[in-house]
Amino acid sequence: MKEIVYQVTNSMGVHARPCAVLAQCCVNFKSIVTVTSNGKTVDGRNVLELLSLRAKKGDTLILQLNGEDEEQAVRAVQEVINREFNEKKAASLLKIAFFGTKDYDRIFFSELTKDKGDGTYNSDIRYFTSNLGMETVDLADGFDAVCVFVNDNVPRPVVERLKECGVRLILLRCAGFNNVDLEAARDCGMTVLRVPAYSPYAVAEHAMAILQEANRRLHKAYNKVKDNNFALSGLLGLDLHNKVAGIVGTGKIGICMARICKGYGMTVLGWDAYPNEEFEKEGLLTYVDKEELFLRSDLISLHAPLFPGTYHIVNEESIRMMKDTAMLVNTARGTLVDTEALIAALKKGKFQAVALDVYEGEDENVYTDRSDKIITDDITARLLMFPQVVLTSHQAFFTREAMQAIAVVTMENARNFNEGNDYGEAEVKA
């Protein structure tokens, strides 16, 4: 175990921004990090717990790090706590219109923006429950920035109206940016910043969870047992051990999924427009062309970004190549799968399991309670009728660690814009 003793020197104490940066630093290590001040001990990975210490100037923090990578963790943590967190004088307050707000969004964003002044995020957020679109864009009048999510719609007319409203920055609290007209943003001189990565583990773990739910019919089993029906009919699944997993897209999330599949004892194949030979050298996977992946794989997991080469990568032709007992899971982009072709194959008895966190036609349902309404969307209704299909509501990202990362990176992006700092990987260009 390693220990760091630190006396707070910042005149504002350990405010939201250092808490956020420290928490995100600690998340990157296997070592457990605890922080103690004034007799209270909290988890160093949790920004809300760190804020609860309310450490003031002159207080002493005791940081204890315990784990296999504690040496590396100590160096990273020391680098964080030695920062002054007042690199530049505060720019003018950045006013942000936050669209599509849910209660869980406020948990982190409100705490991170409480502090104002030098070294803070120096932002003021106004929350709107409605999504951004042509009908709601005027709500952004007088704001410097809008903060949007995957189900907000930002085509050219919206971008142009945002410019008229005085908006200079589009903050995406997600990795994807296909819902924003980037050419329009460029033409309007507007900056677009995203969260390149939050928790790849969250998405990959959800992919395997819903895949196994569909494969082992856990959704059906749960409902049967609630009705005192303990029969096993209709619940037959397949072993994953010694099967072949095909990972489409081997970025951070795809590689997390590959490691999970490897842990199940699967042989892992991969396809990517830009293969990484290091993963082959490591023995994690073998790169093959798309056709071979579809032909050989028992489990196909989609993690590719959406671009012309991956639009409907799962289509009538590729489905025909797949085994009748293949399992398909999509936690990436709905339009990676031609849903009409998928439904046609399901009608013919194809697929042991299909698990979709995203799918074409989901837009009206995402993050909306429609329990008292009829589902009129034809695609959703048809998918729900198949016993081997499981749908979830675009929630693969939804863990505490991911929500914390989204909030922290989004606010770091806002601060970098406000103070003219470098954007790094966060900037999205046309």
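Q352 touches A214, N215, R217, L236, G237, L238, D324, T325, A326, M327 and Q388, leaving out residues up to four places away in sequence; contact here means heavy atoms within 4.5 Å. This is a predicted model, in which local features need pLDDT of at least 70 and side-chain atom pairs count only at pLDDT 80 or more, while totals for chains, interfaces and linings use all residues. Residues are numbered from 1 along each chain as its sequence is written, and side-chain values use heavy atoms, with hydrogens and water left out.

Q352 sits in the loop between α13 (339–347) and β15 (353–356); helices (H or I, at least four residues) and strands (E, at least two) are DSSP runs, numbered from the N terminus. With a relative accessibility of 12%, Q352 counts as buried, where buried means under 20% relative accessible area, exposed over 50%, and partly exposed in between (1.4 Å probe, protein chains only). The side chain of Q352 also makes a polar contact of 3.1 Å with that of N215. A polar contact is a pair of N or O atoms within 3.5 Å; within protein, one must be able to donate a hydrogen and the other to accept it, and residues adjacent in sequence count only if both atoms are side-chain atoms.

N215 brings us to helix α7, where it is one of the buried residues. Of the 16 residues of α7, 12 are buried, so the helix is largely enclosed by the rest of the structure. The buried set consists of P200, A202, V203, A204, H206, A207, M208, I210, L211, Q212, A214 and N215. As for length, α7 (residues 200–215) should span 22 Å at 1.5 Å a residue, and its end C-alpha atoms are 23 Å apart, which agrees; the expected span is 1.5 Å times one less than the number of residues. After α7 comes R217, with a positive phi near 55°, and R217 is also among the residues that Q352 touches.

Positive phi turns up at other places too. N38, a residue other than glycine, has phi near 50°. N38 belongs to the loop between β2 (32–37) and β3 (40–43) and is exposed, at 57% relative accessible area. H312, not a glycine either, has a positive phi of about 55°. The loop that holds H312 runs between β13 (299–302) and α12 (316–321), and at 16% relative accessibility H312 counts as buried.

Helix packing comes next. Helix α1 (residues 16–27) packs against helix α3 (residues 70–81) at an angle of about 170°, with the axes 10 Å apart. Axes are lines fitted to C-alpha atoms, for helices over the stretch in contact, and angles run from 0 to 180 degrees between N-to-C directions. The two helices, α1 and α3, are therefore roughly antiparallel (over 145 degrees; under 35 is roughly parallel, 65 to 115 roughly perpendicular and the rest oblique). On the α1 side the contact is made by V21, L22, C25 and C26, and on the α3 side by A76, V77 and V80.

C165 lies in the loop between α5 (156–164) and β8 (169–172), and is buried at 4% relative accessible area. Setting aside residues up to four places away in sequence, C165 touches V137, D138, A140, D141, G142 and F143. Between the C-alpha atoms of C165 and S233, 68 residues apart along the chain, the separation is 60 Å.
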